[in-house]
Amino acid sequence: MKQFVTCEVDGCALCVPIGAIQEVHGIREITPVRRAPEYVAGLLNLRGHVITMIDLGARIGTERGTGPREQNIVLKPLEALRRAGLVSDQVDPELQQDVIGLAVDAVGDVIEAEEDVMEATPANLSGLQAEFFGGVVRLDNCVYPIVDVSRVIRIDQAACAA
Amino acid sequence: MKKIISVDDSRQIRMIVRGAVDVLGYEFIEAVDGLDGLRTIRANKDDLALVVLDVNMPGMLGTELLAALKGDPELKSIPVMMVTTESEGKLIIESVRKGAANYVVKPFDQSELIAKMVESMGEAA
Amino acid sequence: MDTLFDDSLVQEFITESREHLDSIEPDLLLVEEQGKAAAGEVVHRIFRAIHSVKGGASFLAYDALKGLSHKMESVLMLIRDGELEISAPITDVLLRSVDKLRLMLDDVTASDSVECGEESALLEQYMNGGAAPAAEAQPEAAPAGTDDRLSAFDWQSEAMRSLLAKASPVYLVEVIPAEDISAEERTAEAFIQNTLSLGTPFLAGGEELAAALAAGKPFTFVFGTVLEDDLAAAALELPEERVCALSAETLDNLSKSSVAAPVAPQAQVPQPVAPKAETAVEVQEIAPEKNVAAPAARAARVENAETLRVRLDLLTRLMNSAGELVLARNQLFKAMEGMNDQPQLAALLQNMDRVTAEIQGSVMQTRLQPVGGVFGKFPRVVRDIARKLGKEIEVNLSGTEVEVDRSVIELISDPLTHIIRNCADHAIETPDERAANGKPRSGTIEIAAYHEGGQVIVAVIDDGRGIDPEKIRKSAEKKGVITPEQGQRMSDSDLVNLIFAPGFSTAEQITDVSGRGVGMDVVRTNIEKLGGSVEVDSRIGAGTTVFLRIPLTLAIVPALLAGVQDDQFAVPQTSVEEIVWVRAKDVKSQIGRVHDKDVLRLRNTLLPLVRLADILGIERTFEHPETHEPLPDRRARLSDRRGGTESVDFERRDGDRRTNWRGDYRIIVVRSGRTRYGLVVDRLFDSEDIVMKPLSGHLKNVRCFSGATITGDGRVITVLDIEGVAAMAELSQNADLQRASEDYASKQEQTTRQAVVLFRNAARETFAVPQSALLRLERLELDTVQTLGSEEFVNYRGRSLPVVRLEQRLPVGAFPAHLQHGYLLVPKPAAGAAPEGGVLVSEIVDAIEMKGECEPSRIAGPGVLGSTVYEGEMVTLLDPAALVSNAVLN
């Protein structure tokens, strides 16, 4: 049985493996970074640490709605993610010190699913970039695409080129 | 003095030690980690003939427990024998310096274990 | 735990070995240089270093490492004993072996795969060339029964018999006190204590260990211990060839010869223990391939009492905490600002402030390390390249004691190495070429470190061939780094600094010698990542200097907070030269335009301006004067008045047209390395101490920021990268601006020159008055001066003109008493009026043109305008009219 945290961004329901999550809390203030890539929402003060906020909607390619981005899913540091097997070695070495938070509209419950319920991501995820997902969880007739954490935190070279 | 204790986080090792203890005709008691071991050893201090101690345990290391035992006037006369994985040379040397009577290296068979246990107990003589 | 050895144990070995290897290099070079005259101390040092490496490698079973270091040790021993003379080829091999050892340390688990056959063979040659080396491993076990040494012992004694009866191993241990005790810096007591803690020693003739050691001669003892095989030698901290396990056969023979049968130690077993007889008790051999030696045990030592090894991550955490503490204190102070009525609180806060500052200071100190550590390896680097290319290069180091944060040291090591390799490879010419150019055959590379303005400067100075700006320009154009137009506009120094531009380094630069594909642009990026900068200065034919500027620490920096619209940014204080506030009414006169860049007239220079809002893509707005509504600021140039295309006339119609309060401009004059410009912002706030935090990898290409921080009230703001902003503003390609600035500057100088008359009163004090302030200057015979009471007069054009002596009005020296004549300076009176008086002076020095600007004078008094320096002399500038009229009013 694996556990996932559900969340919502721009009307899309997704989930994140619980092993990748350090904490979840409400966003008070994000400082936007000028000239930053589109998907970087900005910087946030997490108990004295500066963490980089990635707008999950922008990252996975949702239609930017009026989503309030009220919740922050803080991911564990890279080293912990790697040990948990959630991150391949392909993540850029420049991210060593980074703590990343995903800005989403809302966070839902923790769901548990049997391993065999995960399926390959269906090709039609209504326009979302399939590369950011690593399967889906089906529960009570709902389908939650699983966010592939390693892909999300990987630096998008194209978007970053100044 | 009728008891021998195995302090080891590995159930398998404790089983092996139990086998040897049976052969030697002593009573077997066990503990799964350093703190547990220390408590149990204290509780049985007047009956213990030997402590068989794993060097590498989570939490309190075997060498730390050894130091604790040898530092306690009521416990220091109980012979202690170390169980180590392959050759953790530095730890072995450290243990001997700290007063371990002997040591045995995994993988070992029962006869070697018994022999060394006897040696260790003899040391106290 | 599954690993063979604790990770930390391996790490320690690697760290220590690297340090040993680092120390060997300069010592080897020293010995090579000094040859026979080399101090034995140095050779011994090298020997011990390699011995330690070998020992650790041996203990951890890194065979390749052990083998190579063992051979090195042997060769060094020959040199130490004078049986082999050191030479360049030998030093070469030793140095190369050090390199191979380093390679092995880089990946210890794969160290066996490092190719070192050549070095090994060469070392062996040297080993055999000399006399038979002393350190040959002896067979582990003494042959059964034939060892003479065994006969020295009384195997019949009760002690020995019970020793033999035990199942534990028995060893024959040879001790050479000179080598094992004194040379190893151990005490006899320590050795004895250690030995006793491990087992029981038996000496010949019942002697005591202490006595044998005191005698100083080599001796042997029998040792009973539970430690098997190689561990015994390791534990005793003796070379393994000196500790021989007695074989079972030998023990058997020895015990058989004893009178009494061995007694099995059974005392405490209450029940019959039949199995003992059944089980064949043998000394189990631990896998014999592993040869174990001493030094790991020594790893448990504590450094000499004054220093301590501390893990770096612990220090980093400590430093971060100290930084957070400072910020928390600042926040507390801010919050406490209103509560002045609590005197005890104030005292407590004071105390906390003091302690926090102390902690912060001390913690920063712990991380400071002398740059000499990094510098130490450079002579070797240069030597190797020089030898390879047949050049002669001398390396001079200075400022090695300058201290810098440890992490900074680590980060500049590679870039510096690259720069120096480049220098030796490309910049320094061959001896012949140098001679042909009238230079000494040997080139010099100087590496200097010093403090300047809160930063550390590391300069690499060579006297090589210099960089040709023309060549660079052509090359850069060819590679598309700059356009031909840009190339034309750039100054020589701009061109030369192009070597740092991305895309500039080419395959031609990257030879096997100078780099593994690392270009100068990477060097610059790495230095800038630390908040530093790098630039180069060069003269063709004469040499090149590369300057690295790096911050002292990476932690807390004072910063100026500035705002653009609703955003706030931090500007590192070290980059801030001054702040200029140009009022709206002065904008037209202060701010101009040169080749479509806005510039500020700042004293004698023209400063290029960069509007931060533009760089950051923030839309410029300003407040509508009446409605206070933010409106886009559509002016193309700062110097344009607002208005233009908008239908609303923003200028007030009443008389106060010039004071549009949004029209003021706040400009921060910033400088980083050679880059200097004015940053235009909307608002300025206080300075704050900030803890710099690095930006995420996702933001690495955002050139305008070098980091982020958390302000006193908990908000995250970004920190500006001054050079990055300049790059984004494309400031570098403007030699025009430089020229325009210089023109401007010289023009300024001229317009503020004025014609003055230099004169003296007392012998060595010089004064000046503007010529334009003088009506008349004429010679005066003192006997024509009339006195009335305390006043003096002279006949001037039919009038009585009061005469003022300088010393009467100002604290200056007096008119020399012996002089019979002087000069009268008559100042121009106000229009239409008659002259009010004249000033008596002793000597007219000259009439010249002088800079009008002057500094405040030390002399206070009427008519003193200021003081300046002319031809090395201090000149006090006076307004004669003021002097005279004051006197008259008096």
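The model is predicted: local features need pLDDT of at least 70, side-chain atom pairs count only at pLDDT 80 or more, and totals for chains, interfaces and linings use all residues. Residues are numbered from 1 along each chain as its sequence is written, and chains are lettered from A and ligands numbered from 1 in the order in which they are written.

**Chain A**

Select chain A and colour it by secondary structure. Chain A has 4 helices and 10 strands; here helices (H or I, at least four residues) and strands (E, at least two) are DSSP runs, numbered from the N terminus. Along the sequence the elements follow the pattern β-β-β-β-β-α-β-α-β-β-β-β-α-α. Of the 162 residues in chain A, 41% are buried. A residue is buried if 20 or more other C-beta atoms lie within 10 Å of its own, exposed if 12 or fewer, and partly exposed in between, with C-beta atoms placed from the backbone. Among contacts in chain A with a separation of 6 or more, 65% are between residues 24 or more positions apart. Two residues are in contact if their C-beta atoms, placed from the backbone, lie within 7 Å.

Next, select A:Arg35, in the loop between β3 (21-26) and β4 (40-46) of chain A. A:Arg35 is not a glycine, yet has a positive phi of about 65°. With 17 other C-beta atoms within 10 Å, A:Arg35 is partly exposed.

**Where chain C touches chain A**

Show chains A and C together. Here 22 residues of chain C are in contact with 23 residues of chain A. On the chain C side, β24 (705-710) and β25 (716-720) each supply at least two residues. The largest share of that side, 3 residues, comes from β25(C). By type, the chain C side divides into 10 nonpolar, 7 polar and 5 charged residues. Ala, Val, Leu, Ile, Met, Phe, Trp, Tyr, Cys and Pro count as nonpolar, Asp, Glu, Lys and Arg as charged, and the others, Gly among them, as polar.

**A helix of chain B against a helix of chain C**

Select α4 (residues 89-98) of chain B and α10 (229-236) of chain C. Their axes come within 10 Å and cross at roughly 65°; axes are lines fitted to C-alpha atoms, for helices over the stretch in contact, and angles run from 0 to 180 degrees between N-to-C directions. α4(B) is therefore roughly perpendicular to α10(C) (under 35 degrees counts as roughly parallel, over 145 as roughly antiparallel, 65 to 115 as roughly perpendicular and the rest as oblique). Show side chains: B:Gly89, B:Ile92, B:Ile93 and B:Val96 meet C:Leu231, C:Ala234 and C:Ala235.

Move on to C:Glu237, in the loop between α10(C) and β5 (243-246) of chain C. C:Glu237 has a positive phi of about 60° although it is not a glycine. C:Glu237 is buried, with 21 other C-beta atoms within 10 Å.

**A sheet in chain C**

Finally, select β28 to β33 of chain C. The 6 strands form an open sheet with mixed pairing, in the order β28-β32-β33-β31-β30-β29; two strands pair if DSSP finds at least two bridges between them. β28 (774-781) and β29 (786-788) stand at the edges with a single partner strand each, so one side of each is left without a neighbour in the sheet. On average, neighbouring strands of this sheet are turned by 35° against each other, direction ignored. β28(C) and β32 (residues 821-827) of chain C run antiparallel, joined by 7 bridges. Stop at C:Arg779, whose bridge partner in β32(C) is C:Tyr823.
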